[in-house]
Amino acid sequence: MSLKAPTSAADIGSYADGVYALPAKVTHAQAPAFAAAVLQVAQRHPQQALSLDASALREFDSSLLAALMQVYRKMGTKAQLHHAPAQLRELVKVYGVEEA
């Protein structure tokens with residue numbers, strides 16, 4: 001039996017002044033909590049656009065893409081990803097979700 005370590009606030013990023021800063025790592029373990037945290041911020045600020053700043057992002061997998069898709073489905077154009085690393089942009093192309 002494997003025990004999953006609790007997700008800390010540092011694992012899911014931070015929010016200030018309309019900008020949600022992604023953490024350095026978002027993989028399968030962090031993605032659900034990350035998506036939930038971003039959507040919670042969006043619910044608290046329903047009229048405000050949300051900038052997702054990926055400049056600190058260093059390690060991720062396709063779970064991040066799934067989490068971002070969940071956010072975009074809920075928020076639409078109110079959420080914009082900025083400073084995405086080249087690998088994430090490539091993953092978006094591979095999965096064919098550039099227009100999603």
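Predicted model: local features only at pLDDT ≥ 70, side-chain atom pairs only at ≥ 80, totals over all residues.
Local features rest on pLDDT of at least 70 and side-chain atom pairs on pLDDT 80 or more, while totals for chains, interfaces and linings use all residues. Residues are numbered from 1 along each chain as its sequence is written, and side-chain values use heavy atoms, with hydrogens and water left out.

**Exercise 1. Describe how helices α2 and α3 pack.**

Step 1: Locate the elements. Helix α2 spans residues 31-44 and helix α3 residues 62-75; helices (H or I, at least four residues) and strands (E, at least two) are DSSP runs, numbered from the N terminus.

Step 2: Take the geometry. The two axes come within 9 Å and cross at roughly 20°, where axes are lines fitted to C-alpha atoms, for helices over the stretch in contact, and angles run from 0 to 180 degrees between N-to-C directions.

Step 3: Classify the angle. α2 and α3 are therefore roughly parallel to each other, a label for angles under 35 degrees.

Step 4: List the contact (heavy atoms within 4.5 Å). From α2 come Ala31, Phe34, Ala35, Val38, Leu39 and Ala42, and from α3 Ser63, Leu64, Ala67, Leu68, Gln70, Val71, Lys74 and Met75.

**Exercise 2. Work out the layout of the sheet.**

Step 1: Read the order. Four strands make an open sheet, β1-β2-β4-β6, with mixed pairing; two strands pair if DSSP finds at least two bridges between them.

Step 2: Find the edges. β1 (14-16) and β6 are the edge strands, each pairing on one side only.

Step 3: Neighbouring strands are turned by 25° against each other on average, direction ignored.

Step 4: Place the helix. α3 packs on this sheet and touches β4 and β6, and its direction makes about 145° with that of β6.

**Exercise 3. Follow strand β4: what are its neighbours, and where do its side chains point?**

Step 1: Pair it with β2 (residues 19-21). Three bridges join β2 to β4, and the two run parallel; alanine 21 has aspartate 53 as its bridge partner in β4.

Step 2: Pair it with β6 (residues 79-82). Four bridges join these parallel strands; leucine 52 partners leucine 81, and leucine 50 partners alanine 79.

Step 3: Sort the side chains. Leu50 and Leu52 point one way from β4, Ser51 and Asp53 the other way, and all are buried (under 20% relative accessible area, 1.4 Å probe, protein chains only).

Technical notes. Parallel < 35°, antiparallel > 145°, perpendicular 65-115°, else oblique. Buried < 20%, exposed > 50% of the residue type's maximum accessible area, 1.4 Å probe, protein only.
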